[in-house]
Every structure is written in C-alpha cells, then in structure tokens.
Amino acid sequence: MEMPFSKKMHEELTEKEMAKFQKMEAALMPFVNNFANDSLSFEVRTANIHDFIPRFVAALKEKNSYLYPFDGLLYISKVKAPDNAFKIYTWELKEPLETHRYYGAIQFNSPDLKMKPLFDYSDTMDYHTKMILTPENWYGSLYYNCILKEGKKGEKYYTLFGLDKADFV
C-alpha cells in the first residue's frame, strides 16, 4: 500500500538541520521585530518587511524546513492544515490611517518544496464573507485556525479562520 508523502517524510530534524534553522530564524527575528514595532516610522517598517520576505522565502525553500516550527518569529502567524498538507504563514504591516497590509506564504508538505506567495488584494476587492479565494486573489488576514472537510467524492475543502484588523464588521 502506497503511503502519502507526508507519512514518509522524516519526522524529526537532525541536529545539524536544527542548528541551521535556528541560525536562520535568529537572523530573521530583528526584521520581524522591526516591522511589527509601530513606534518606528512607516518607511523603516516597510523596508524591514521587504528585507524579511526574500530571506524568509529562502528559509522555507530549504530541505526539511517544513518540519521546523519558526516559533521564534513571534509576529508571524503559523497555521498547519489538519491533514498536514500545508502550513500557512501570515503577517501584517500596520499602515498610516489605521489600515493594514497583509503578507503570507503557503508552504506545501511535498518533496519538491512547493510554495505559493500570498498578496493582499483586499483594497481592490468587495468584501464578501463567503468568497472562495485563491493565492492570486487573496483577501489578506492573519490566520489562526484551519479546518478540513471532505466531500462525498473525497475532495478536500479547507476553511481558514483569520483576522483582518482593518475590518470593522
């Protein structure tokens, strides 16, 4: 019987891998702390978030990075699918006038290190509570939960729960 890839993956990181990811995480922490610190100027926070993104993506593209929790990145929301098919990372930048810009990435639990960036298009979309969205038309938010429901033919439907701090509904 063929097992899904997620069952075949190494369940633990080696000491060497753990040390590598801890070092990468430590290098990312100052950027996260700076873009989350709203006492800094908007320009400084924006520069930090733009410096953070390619570094974080590089870390997520490392072999076995899916197994590392990145718990030291305190202002990054991390949600894992109930079936371990993916992790979704989201974070925010507080903008002037009490608006928020959201960023994110979906990291798939696959041997080829697949990822999808998430771009916040909420400022160009009408708000609908029951929209089905894709990474290409993402209504940005900070995710805090994910549930999975299977259809009658075995198809999988994921529902993500998130917070949009600019939404007054």
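1. The protein chain exposes about 10,800 Å², and carbon and sulfur atoms supply 57% of this area. Accessible areas come from the Shrake-Rupley method with a 1.4 Å probe, and for residues only the protein chains shown count as cover. Please keep in mind that this is a predicted model, where local features need pLDDT of at least 70, side-chain atom pairs count only at pLDDT 80 or more, and totals for chains, interfaces and linings use all residues. Residues are numbered from 1 along each chain as its sequence is written, and side-chain values use heavy atoms, leaving out hydrogens and water.

2. Next, the overall layout. The chain has 3 helices and 6 strands in the order α-α-α-β-β-β-β-β-β; helices (H or I, at least four residues) and strands (E, at least two) are DSSP runs, numbered from the N terminus. Of its 169 residues, 34% are buried (under 20% relative accessible area; exposed is over 50%, partly exposed in between; 1.4 Å probe, protein chains only).

3. Arginine 45 deserves a look. This residue belongs to helix H3 (residues 42-60) and is buried without a salt bridge (a side-chain nitrogen of Lys or Arg within 4 Å of a carboxyl oxygen of Asp or Glu). Aspartate 38 is the nearest side chain of opposite charge, 6.5 Å away (Lys and Arg count as positive, Asp and Glu as negative; His and the chain ends are not counted).

4. Finally, turn to strand S5, where isoleucine 147 has its place. Isoleucine 147 counts as partly exposed because its relative accessibility is 32%.
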